[in-house]
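Please read the following report alongside the sequence and the model.

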Amino acid sequence: MNQKQVHRFVQQYLESTGCHIIEKSPAHFVVKLSPEADRMLTNRPYYWSFVDRTGAEPETMSFLLVTDKEKYELSQQAADAAVSTDNAPASGSTPRTAGTVTGTPPLSPGASVQAAVNSALARSYGIVPSQLLSTPRLPRDDVHFGSKRLLQLFDAVQSRGSYVYLFQEPDTRSRSPFQSTPYTPWLGVNLKVEFQCDRKREELYSFGVSLATGHCRELFHEQLSSLKMTPRLPSNVHIAPAGITLNKAIHIVEMTLERKLKAQCYRWAEEAQQRLDEEQKIVSHYYDKLLQSADEELKAEITRQYDSRKAEIDWQYRPRVTATAINCGIFHLQGIE
Amino acid sequence: MAEHINSRPPQANEMSQQAAGCKLHPLVDYQFDRSWQQELQSRISRNGPWDDWTLFKLAVEAQEAQAIATFDEMQCLRSLPALQPMPHQLSTAGKVVHEMGGRAILADEVGLGKTIEAGLVLKEYMVRGLVKRALILVPASLVLQWVRELNQKFGIAAVAQKKTHMWHYDVVVASIDTAKREPHRELLLNSDFDMLVIDEAHKLKNKKTTNYQFVTQLRKKYCLLLTATPVQNNLDELYNLITLLKPGQLGGQSEFAANFVVDKRMPKNEEQLHEALSTVMIRNRRGDGGIHFTKRIVKNIPIQLSPEEMALYNGVTGFVKEQYDRSGGDLTSMLSLVTLQREVCSSRDAVFLTLVNLFKKTAEDSPLRPKIWELVDQIKQITANTKAEKALELINQMNEKVILFTEYRATQEYLLQFFRSHNLIAVPYRGGMNRGKKDWMMDLFRGRAQVLIATEAGGEGINLQFCHHMINFDLPWNPMRVEQRIGRVHRLGQTEDVKIYNLCTIGTIEEYIVNLLHEKINLFELVIGELDHILERFEKEEQPLEKTIAKMMLESAGSTELKARFDQLGSSLGELRGKPPLDMMEDTTDKAKAQAAIGALLNRVSQEVEVRP
């Protein structure tokens, strides 16, 4: 995922969860979260249980999300430079410049109180943290691939994007109001397959099975993603009757995947098994000798270690494949298939 | 979605009804997770709730972005845009993951970044989903540093174990001495760790210790042992370490002894031993001239004290000597007096505090009291601090970040006040501050303060490569402490020549000390590590240097005698400089021979790397 993709991802998440984007550029967002997004992202379960129990008006958090650090900081510097030249004649009348150490005399009584506070702080800390005090809290997050915030967004979309029931939006141009368009229901499943020994790789699969005919399509998600979908049944549409049960369709997905997986090359597994066997041989050689020469009372302990070491090696190297669903849904698509 | 063309015929039982658990290949178990099917059924029958189409698509996009396409390529660097590991660190991590199955001894020389290598391996496994739970056992003093590095450099949410329930976190850093004690022990031995990392693993070289047995019993999949000295005196140490990692890798104990060891210590069949070692151990060491440090430029700033300050100095010196003579030359009880002598070179504030404390401690009718009071009166006469003024002048001239070291808290406080009254922003740094405050002070210094005033040079986390000016406001009498101070600034990562300013007051003992350290030992320009050798040799024959100096000062009758004795000390130290290190001098003994052979073996296993600051 490059910065652009991250940026688009973040934007789509914020928009689809109803967050209020206050300010944005190709490098950043300033956003006030929607209650839904706040619950997912800010880790404030106590606050939200308080809101739920008392019915208080929730106050969601705002964030500065930076998706392109370099660009954002450059633009900030440019903006700062512009501000400081603008303000030069106005000599420190904005709160922004109150913290800088120019020693300009305060103009208003409010500013003089501020200055007193600052100097009190300065006496104990040698520094004036006025920037922190004068602006509302706006935590900054650098969002890049691998950052905690993005991983959290990944989790959030996973938990709120698992099961869907959708209809394709009809193409309005070619429709006559007197004719009903036939739709076919499909079971769509996206799957992650993990090939694992002491190392690991993954493959993603996407299948669609027509509930009318049992026909199975591959790369189903790719075909869907360009279509417009709606959760509501469009007018002038009739759904083809189900020819097979959902269970049968699920079975077709399982069988298709299994057939494809069996057709793969398993050199990696053979090599892993070889490593496993070698390690087991070394361990047996070592412990068998040890057991032969050991005192009786030590034997139990040695055997225990021997077994646990064998189990560790098996855990580490044994080749295995697991398939899990990323998400799934029922999709009603135009046409009969 | 890469697919591989298969050469193997499809299996006979293709239409198996049990998709949830079967074999794809005689060697490969296959699990199909069916939990989604029920959930989908139940949502259909309840007519919802249904999720959002955009989020559905984003979920797939997220999985596509995170999918691990190949077994071989390192994946973790995509997730760590801010980290720039050195080439040898990357290749080491790659080798551990791809060739060693995730069990290895990382035995790089000090300073080459074993922690980075371990972090890379851990991150790689975590990104691939092969490690979720990891336990990191380190000496207690390094726990917080590990937690910080893993969080900041690697984005791994590691926690320092403080309460029992924290063992259940995914990545826990703890001290091994805590971990092996009940009730922790029981809990840990009943857990499965995807990865175990042990820092300073040479402490596990003895099979009989509880630490060793504890680590043996822990259930772990991947395991890294970190140590700069995998073997010191005895090949058995190496054998034990490897047995901890992979029992049997070097055969049984007797086989190992028969195949690889002569006379307990000397290695034999080095070719095979080397081969066996290289499957479990990686050692990088610095190439010749691999490290290029920038220069150190030293400048002594002579300072003429004002008459009042000189009077105080003489007064204190006289007082200290008189007390020493009266006590009959007993050095141990003179500690606070020697402190007084050192403080008077720093600031009047420092002396004042010690004098007042001394005054409180003496009995009310003691003849000492009026004398102490006299000195306090002398302090009152002083209106300006010549040294502080000079320091201010220096700092203003430089107009860059400066770190200023003093030995005394009172001086530090005074300087903070003094600089502030002259519109110079300075922040303090001392050993007593907690971690958070130290970090904060560092951030302030990096950001907006021009000066950092530190009383402590030791300890972790004070890496100041961004600053290349340093002022010794006063000098410790222990040269190692001076070296420590310089090491904060002059280290890997420093790109500028480092400028060191020594403030020294003329006509005081400080003048002699600066002269001794600078002219005679040439401390400021020594190669790193050389000072250790000199002091080791010096202290073998005499007492520690700072004690020698204290004694000289107390016993000398006048400044001529003191000067003569300093010259003598200087020349004897100068002689020691030229000699080879101690351990090379006694290589007639068997022990030394064995060590040389072990060293040669380690060198064969290791590879040289270039390290640039």
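## Basis of the model

This is a predicted model, in which local features need pLDDT of at least 70 and side-chain atom pairs count only at pLDDT 80 or more, while totals for chains, interfaces and linings use all residues. Residues are numbered from 1 along each chain as its sequence is written, and chains are lettered from A and ligands numbered from 1 in the order in which they are written.

## Chain B overall

Chain B contains 25 helices and 19 strands, where helices (H or I, at least four residues) and strands (E, at least two) are DSSP runs numbered from the N terminus. Of its 613 residues, 37% count as buried; a residue is buried if 20 or more other C-beta atoms lie within 10 Å of its own, exposed if 12 or fewer, and partly exposed in between, with C-beta atoms placed from the backbone. Among the contacts in chain B with a separation of 6 or more, 73% join residues 24 or more positions apart, a contact being a pair whose C-beta atoms, placed from the backbone, lie within 7 Å.

## The interface with chain A

On the two sides of the interface, 72 residues of chain B are in contact with 78 residues of chain A. The elements of chain B that give two or more residues to its side are β1 (21–25), β2 (28–32), α1 (35–46), α2 (53–66), β8 (219–226) and β15 (426–429), and the largest share, 14 residues, comes from α2(B).

Strand pairing also crosses between the chains: strand β11 (residues 320–334) of chain A and β2(B) run parallel and are joined by four bridges, pairing being assigned if DSSP finds at least two bridges between two strands. Within this arrangement, A:Thr322 has B:Gln31 as its bridge partner in β2(B).

Strand β4 (residues 134–138) of chain B is largely enclosed by the rest of the structure, because five of its five residues are buried. B:Ala134, B:Ile136 and B:Val138 point one way from β4(B), B:Leu135 and B:Leu137 point the other way, and all are buried. β4(B) pairs in the parallel sense with strand β6 (residues 171–175) of chain B over five bridges, with B:Val172 as the partner of B:Leu135, and likewise in the parallel sense with strand β7 (residues 192–198) of chain B over four bridges, where B:Met195 is the partner of B:Ala134.

B:Val262, found in strand β9 (residues 261–262) of chain B, is partly exposed, with 13 other C-beta atoms within 10 Å.
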